[in-house]
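Work through the exercises below with the structure in view. Each task is followed by a solution in steps.

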Amino acid sequence: LRRLPLVPLLWSRLALGALPFVRSPRGIFPDLLSEKHLLEVEDLPLSLMRGGALGPLSLPPDLPDLNPECREMLLDFANSSAELTGCLVRSARPVRLCQTCYPLFQQVAGKMDIISRAVGNTSESQSCARSLLMADRMHIVVLLSEFFNTTWQKANCANCLTNNSEELSNSTVSFLSLFNQTLSCFESNLQGSTHSLLPPRNYSEVCKSCCENYKNLNSLYSEMQKMNELKNKAEPGTHLCIDVEDAMNITRKLWSRTFNCWHPHSDTVPIIAVSVFILFLPVVFYLSSFLHSEQKKRKLILPKRLKSSTSFANIQENSN
């Protein structure tokens, strides 16, 4: 039995009634296993998992393991990563990644920096860095850290935070405050219209009451876009953080598609003026051409009339 590890496991499953053809260990094998042997068989799988010595089945003494310092670093990174992952998933819809999860992202980045820097430059800390970051083919810790960094960069969360990424920027705080006020205005006017005599899909009260809030929110968003373009001239096409973009998209969809409201943007008047001017250019061209041709006809006809009148006068004088 000591040379065949499967036999004790099989006996243990038979004794516990785990196999389908065994109903009760005491009913079928009453005298086969004593109570002491039964307990030993039950403890055998646990001893195998714990690395108990069973002759040739014992684990090698040089099995790679982490020292307490490395294990503490790994557990700290694991706990921080779990908290950040949960925050990202909970903040996925509506998108609140940057404003909710930035403290946890800074915490994970700090734990990764501790591991990669090899604190103290001692041989043990360097061994921790090698064991946690480069000991296997997949590099799980590095892979997970790169996933967080890529997600954070794609969300452009740095555009919502201050330079040291410790708190939200003033423009982001102002935008989120106006966004909440606009949604509150939508909600309050929708609740008021349900008790009125208006038809069910008439949102004129929403458009009228919330126009100023929507106008301020849209103006602030345009200013933030311009400031972001000036700040990132070397990187064309850089977006605002995903929280601000998603909030503005939600507001615009509600305003235009759901409520069928219309608000002229600041660039609408120049565009309409230029469009009207271009449309009237052919009319002005043909009208000026027509007037110019009429003036030429008059200039050509007048000399002929004068010539005919003078010749007629000469004929009358000769006849007299």
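**Exercise 1.** What percentage of the 320 residues of the chain count as buried?

*Solution.* The model is a predicted one. Of its 320 residues, 25% count as buried. The chain is built from twelve helices and zero strands. It exposes about 22,900 Å², and carbon and sulfur atoms supply 60% of that area.

**Exercise 2.** Check the length of helix α10 and find where its buried residues lie.

*Solution.* Step one: α10 covers residues 211-231, which is 21 residues. The expected span takes 1.5 Å times one less than the number of residues, so α10 should span 30 Å. Its end C-alpha atoms are 30 Å apart, in agreement with this.

Step two: the buried residues of α10 are Tyr214, Leu217, Asn218, Leu220, Tyr221, Met224 and Asn228. Viewed down the helix axis, they fall within an arc of 160 degrees, so they line one face of α10.

Step three: Lys226, Met227, Glu229 and Leu230, on the other side of α10, are exposed.

**Exercise 3.** Which residues of the largest nonpolar core touch the most other members, and which element gives the largest share of this core?

*Solution.* Step one: the core has 49 residues, and Leu84, Trp152, Phe175, Val244 and Phe259 touch the most other members.

Step two: the elements giving two or more residues include α4, α10 and α11. The largest share, nine residues, comes from α5.

Step three: domain 1 (67-155) and domain 2 (168-194 + 201-264) each supply at least three residues to this core.

Step four: take Val244 as an example. Beyond its neighbours within four places in sequence, Val244 contacts Cys160, Thr172, Phe175, Tyr221 and Met224. Tyr221 and Met224 are among the buried residues of α10.

Definitions and conventions: Residues are numbered from 1 along each chain as its sequence is written. This is a predicted model: local features need pLDDT of at least 70, side-chain atom pairs count only at pLDDT 80 or more; totals for chains, interfaces and linings use all residues. Side-chain values use heavy atoms; hydrogens and water are left out. Helices (H or I, at least four residues) and strands (E, at least two) are DSSP runs, numbered from the N terminus. Buried means under 20% relative accessible area, exposed over 50%, partly exposed in between (1.4 Å probe, protein chains only). The arc is that of the directions from the helix axis to the C-beta atoms. A nonpolar core is a set of buried Ala, Val, Leu, Ile, Met, Phe, Trp, Tyr and Cys residues joined through side-chain atoms within 4.5 Å. Domain bounds come from an automatic or database domain assignment. Contact means heavy atoms within 4.5 Å. Accessible areas come from the Shrake-Rupley method with a 1.4 Å probe; for residues, only the protein chains shown count as cover.
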